[in-house]
Amino acid sequence: MKTLSEINLSNNPFSEMTPSRDQNFFWAGMKGVKSRIADCYNDALNNNNKQLILNWGPYGGGKTFSSYYFLAEYNSDPNFTQIYVRSPKDGSKATREIFNTIIDELTFDKISEKVKELLVSVDNAEFLRYLSGKSGVEFAKAIMLIGSDDSNITTLMNRFLYSSVTATELKTLGLAKQIKTDGDLAKFLTGLLSCFSYFGNGLDFKLCLWFDEMEDLIYYPTKHYHALSLFL
């Protein structure tokens with residue numbers, strides 16, 4: 001690791017400021033760290049491996065910067081989806097906040113486009129079986145409805161994701177349950193993210209999820225920490 005003077009810095013800027021995702025990023029020093037993260041990306045893009053990587057370091061060490069850098073560096077492939085999530089500050093609503101953040105990062109329109117692409121490329125019965133094994137039959141049906149060409153249905157599904165629909169609207173959608181519990185959130189999200197990591201039928205989608213500031217979890221009450229760890 002180079003010293004600050006060797007990279008023309010008089011002090012460590014990361015200890016005083018958090019980088020913004022819309023700025024230009026220049027990587028200085030720490031070539032070994034950069035190379036190892038790049039290797040993880042390249043392995044994920046060239047193989048069907050599933051990886052869990054821990055990028056750890058002291059406060060101000062550049063962890064958030066590294067996520068922003070690689071989010072920007074690998075943003076040109078339409079079949080490669082990256083999601084950035086920060087640990088919620090309020091542990092009592094952490095699972096719902098993470099769920100909503102991921103939906104916001106993906107955007108409802110992009111989710112709809114991805115599901116439509118799968119509905120066109122994959123036999124619907126096969127797609128339903130694929131999703132059912134990950135999220136259950138009812139949520140599998142719900143995910144497939146997000147790719148509907150009916151604007152009324154997609155409007156209802158937008159509300160289904162973020163808040164809730166009425167019993168009458170749920171019946172109109174042909175669904176039996178809404179997303180209520182942490183378990184529901186986890187099951188639905190598993191099915192949804194599997195659409196962005198689908199492989200087969202001529203498709204090869206990849207997904208990378210950055211989860212930042214996990215050290216905040218130590219401030220959660222035990223019951224909230226336990227609930228979130230199970231969700232993750």
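Reader: How many disulfides does the count come to?

Author: The count comes to 0 disulfides. Bear in mind that this is a predicted model.

Reader: Is Cys195 buried or exposed?

Author: Cys195 is buried, at a relative accessible area of 0%. Cys40 has a relative accessible area of 22% and counts as partly exposed, because the cut-off for buried is under 20%.

Reader: Switching to the fold. How many helices and strands are there?

Author: The protein chain has 10 helices and 4 strands. Read from the N terminus, the order is α-α-β-α-α-α-α-α-α-α-β-β-β-α.

Reader: What box do the C-alpha atoms fill?

Author: Roughly 65 × 45 × 25 Å along the principal axes. Of the 232 residues in the chain, 40% are buried.

Reader: Which residues have the most contacts inside the largest nonpolar core?

Author: Met157, Phe160 and Phe188, in a core of 45 residues. Another core lies apart from that one and has 15 residues, including Phe65, Tyr68 and Leu71.

Reader: Back to Phe188. What is Phe188 in contact with, leaving aside neighbours within four places in sequence?

Author: Phe188 is in contact with Phe99, Ser135, Phe139, Ala142, Ile143, Ile146, Phe160, Leu161 and Ile179.

Reader: Some of those sit in helix 6. Which residues are buried there?

Author: In helix 6, residues 137-145, the buried ones are Phe139, Ala140, Ala142, Ile143, Met144 and Leu145.

Reader: What covers the buried residues of helix 6?

Author: The cover includes helix 4 (108-121), helix 5 (124-135), helix 7 (151-162), helix 8 (167-173) and helix 9 (182-195).

Reader: Last topic, the surface and charges. How many positive and negative side chains are there?

Author: There are 24 positive and 27 negative side chains, with the centres of the two sets 4 Å apart. The accessible surface of the chain is about 13,500 Å², and carbon and sulfur atoms account for 52% of that.

Note on methods: Residues numbered from 1 in each chain as written. Predicted model: local features only at pLDDT ≥ 70, side-chain atom pairs only at ≥ 80, totals over all residues. Heavy atoms only, no water. Core = buried A, V, L, I, M, F, W, Y, C linked by side-chain atoms within 4.5 Å. Buried < 20%, exposed > 50% of the residue type's maximum accessible area, 1.4 Å probe, protein only. Contact = heavy atoms within 4.5 Å. Helix = DSSP H or I, 4+ residues; strand = E, 2+ residues; numbered from the N terminus. Areas by Shrake-Rupley, 256 points an atom, 1.4 Å probe, with all protein chains shown as cover. Lys, Arg positive; Asp, Glu negative; His and termini not counted. Charge placed at Lys NZ, Arg CZ, Asp CG, Glu CD. Disulfide = S-S within 2.5 Å.
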